[in-house]
Amino acid sequence: MFVLEERRETPVLGEYEVVVLGGGPAGIAAAAAAGRAGCATILVERYGFLGGAGTAAGVTNFCGLHANVHGEHRQVVHGMCDEILDRLQRLGGLAAPHGIFNDRIRAQAYDVSAYKIAADELLLGAEVKLLFHAMGVGVSKSQKSEIEALIVETKSGRGAILGKVFIDCSGDGDLAAWAGAPFELGDGKGNLLYPSTMYRIGGVDAERAGNAGDHIAALMDEAERKGKRFPRKKPIVRPQPNGAEWRANLTQIRNPDGSAVSGIDAEQLSFGEVEGRRQVRDTFEFIRASAPGFERAYIADIAPQIGIRETRRVRGAYLLTEDDVLDCADFPDTIGVNGWPVEAHVAGNVEFVFQRNPRGFNQLPYRMLLPAKVDNLLVAGRCASMTHGAQSAARVSGACFAMGQAAGRAAHLALKSGVSVRDVDVPSLQKLLEGDGAYLGRD
Ligand SMILES: Cc1cc2nc3c(=O)[nH]c(=O)nc-3n(C[C@H](O)[C@H](O)[C@H](O)COP(=O)(O)OP(=O)(O)OC[C@H]3O[C@@H](n4cnc5c(N)ncnc54)[C@H](O)[C@@H]3O)c2cc1C
């Protein structure tokens, strides 16, 4: 059933050279890179703050900035993310990198409020116009293969933002899908990575808690032997920069039929938010009752939204594969690297598969940012062109920062050279990125 809406004229809210949709790690780096290169740039974000899943879904931990390179931990994503790290450090909101899986790989926790402030400062410094509380809802096209404007809905009404190059950093490939770019969903058998509702626990006695996070899995196993049930195995419960606060990543949000809640289905998302909070309450009560140091703890925050790991993956000129990740593949058009292993959130569990090559990172080709069928569009972040298996690795923050920075620089280079983003001179792009401090994995 349908209703007919009245035909209307949509006011133009502004005209920019580069329009970025989404303010997660990919969008932050893309907009900062384009803005700093001198492009008139706008970033459109539905929430009132930046950070994407890192803040809105309570992730509070960078994965993929580091790789295990021949047994040595190295930070392998550089450039715009260094500036975020520096700002977080100055705000006192960054922990030292910590090892996981017996120090096989490292991650780095940050304070969620500090990240919001650091990202604001970075983008304002790059002269990027920020449009918050604006939901992207569609596009208008000037030609079959060219986007003219991003259509947004805001509290002050519906509007159009004209642009020359558009960068989809929505995580969900919203802009690419509206523009008609082809995309894939899930593993081909209908399975998406399962989402989680993240929460933070306050009032932890850090000294007594010690390395409690290493023992929670065993406590859960013991409770399961006595009949208790948990949403999934492999809990991650770890301290934040302030040891009185811990983050908890141990929920798994399924529909009543057992399938993963889809991040592009409003009914499922609504169900998932409530189910997520139910699991938060249940798992928190267990931790408080069983882990030392948590006796006086409380739930400091349930993330503003359910954490979605995977929705649309836009098909581009190259589809990064799981083998590329595991074999640490190189590409002539590298624009950055991914050092995170495959981390598949499957029903009831999290399955890690580590790189087969001791170098520990794969290069990311520029072609994975170039969607088919739309000429003035780049896609960066977790919705870039990757298979389900590759996305299970390169969706984490590190690779998203790298992709975003490359997309922003490529938009600038295309505009400056008067060519389509498809025809950007890749050696020039690589030189610019390395000049900006990015690491392309070429040494
Ligand atoms: C539960 C969970 C735990 C995770 N744990 C880790 C971890 O420990 N470390 C790590 O590095 N990564 C982790 N990840 C993965 C990582 O956080 C994300 O994959 C990464 O943030 C993706 O970056 P992105 O920029 O592509 O998209 P996102 O971070 O998803 O950002 C997309 C942004 O676009 C906005 N947006 C989307 N659609 C629209 C629209 N139509 N209009 C306006 N705005 C829109 C969103 O509000 C959001 O701000 C986790 C993810 C989840 C869900």
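Figure 1. Isoleucine 264 is partly exposed, at a relative accessible area of 32%. The view comes from a predicted model, as do all the views below. Isoleucine 264 sits in the loop that runs between strand S17 (246-249) and H8. Together with Phe183 and Leu185, Ile264 makes a nonpolar surface patch of about 240 Å².

**Figure 2. The buried side of helix H7.** Helix H7 spans residues 216-225. Four of its residues are buried: Ile216, Met220, Ala223 and Glu224. They lie on the same side of H7, because the arc they cover around the axis is only 100°. Their packing partners are strand S16 (236-239) and helix H8 (266-290). Just after H7 comes glycine 227, with a positive phi of about 110°.

Figure 3. Side chains of opposite charge can pair when their charged atoms come close. Aspartate 221, in helix H7, is twelve residues from lysine 233, in the loop between H7 and S16. Their side chains meet in a salt bridge, at 3.7 Å from N to O. Lysine 233 is partly exposed, with 36% relative accessibility. Aspartate 221 is partly exposed as well, at 33%. A second salt bridge joins lysine 226 to glutamate 222. Here the closest N and O atoms are 3.5 Å apart. Lysine 226 is exposed, at 68% relative accessibility. Glutamate 222 has a relative accessible area of 39% and is partly exposed.

**Figure 4. A salt-bridge network with a buried pair.** Arginine 313 and glutamate 310 are both buried. Their side chains form a salt bridge, 2.6 Å from N to O. The pair belongs to a network of salt bridges that links Glu184, Glu310, Arg313 and Arg315. Over the whole structure, a search finds 28 salt bridges.

**Figure 5. Leucine 378 in the largest nonpolar core.** This core has 78 residues. The members that touch the most other members are Tyr366, Leu369 and Leu378. Helix H11 (residues 397-417) gives the most to the core, eleven residues. Another core, of 21 residues, lies apart from the largest one. Among its residues are Ile161, Val374, Val379 and Cys383.

**Figure 6. Leucine 131 and its contacts.** Leucine 131 is in strand S9, residues 129-131. It touches Ile42, Leu43, Val44, Glu45 and Ile161, leaving aside residues up to four places away in sequence. Valine 12 is 119 residues from leucine 131 along the chain, and their C-alpha atoms are separated by 14 Å.

Figure 7. Most residues other than glycine have a negative phi. Phenylalanine 101 is not a glycine, yet has a positive phi of about 50°. Its place is the loop between strand S7 (98-100) and strand S8 (105-109). At 38% relative accessibility, phenylalanine 101 is partly exposed. Aspartate 103 lies in the loop between S7 and S8. Phi of aspartate 103 is positive, near 65°. Aspartate 103 is partly exposed, with a relative accessible area of 32%.

**Figure 8. Glutamate 245 between S16 and S17.** Glutamate 245 is in the loop between these two strands. It counts as buried because its relative accessible area, 18%, falls under the 20% limit. Glutamate 245 touches Arg200, Ile201, Pro239 and Gln240, with residues up to four places away in sequence left out. Glycine 138 is 107 residues from glutamate 245 along the chain. The C-alpha atoms of glutamate 245 and glycine 138 are separated by 40 Å.

Conventions: Residues numbered from 1 in each chain as written. Predicted model: local features only at pLDDT ≥ 70, side-chain atom pairs only at ≥ 80, totals over all residues. Heavy atoms only, no water. Buried < 20%, exposed > 50% of the residue type's maximum accessible area, 1.4 Å probe, protein only. Arc of directions from axis to C-beta. Contact = heavy atoms within 4.5 Å. Patch = residues over 30% accessible without salt bridge, like charges linked within 9 Å, V, L, I, M, F, W, Y side chains within 5 Å. Areas by Shrake-Rupley, 256 points an atom, 1.4 Å probe, with all protein chains shown as cover. Salt bridge = Lys/Arg side-chain N within 4 Å of Asp/Glu carboxyl O. Core = buried A, V, L, I, M, F, W, Y, C linked by side-chain atoms within 4.5 Å.
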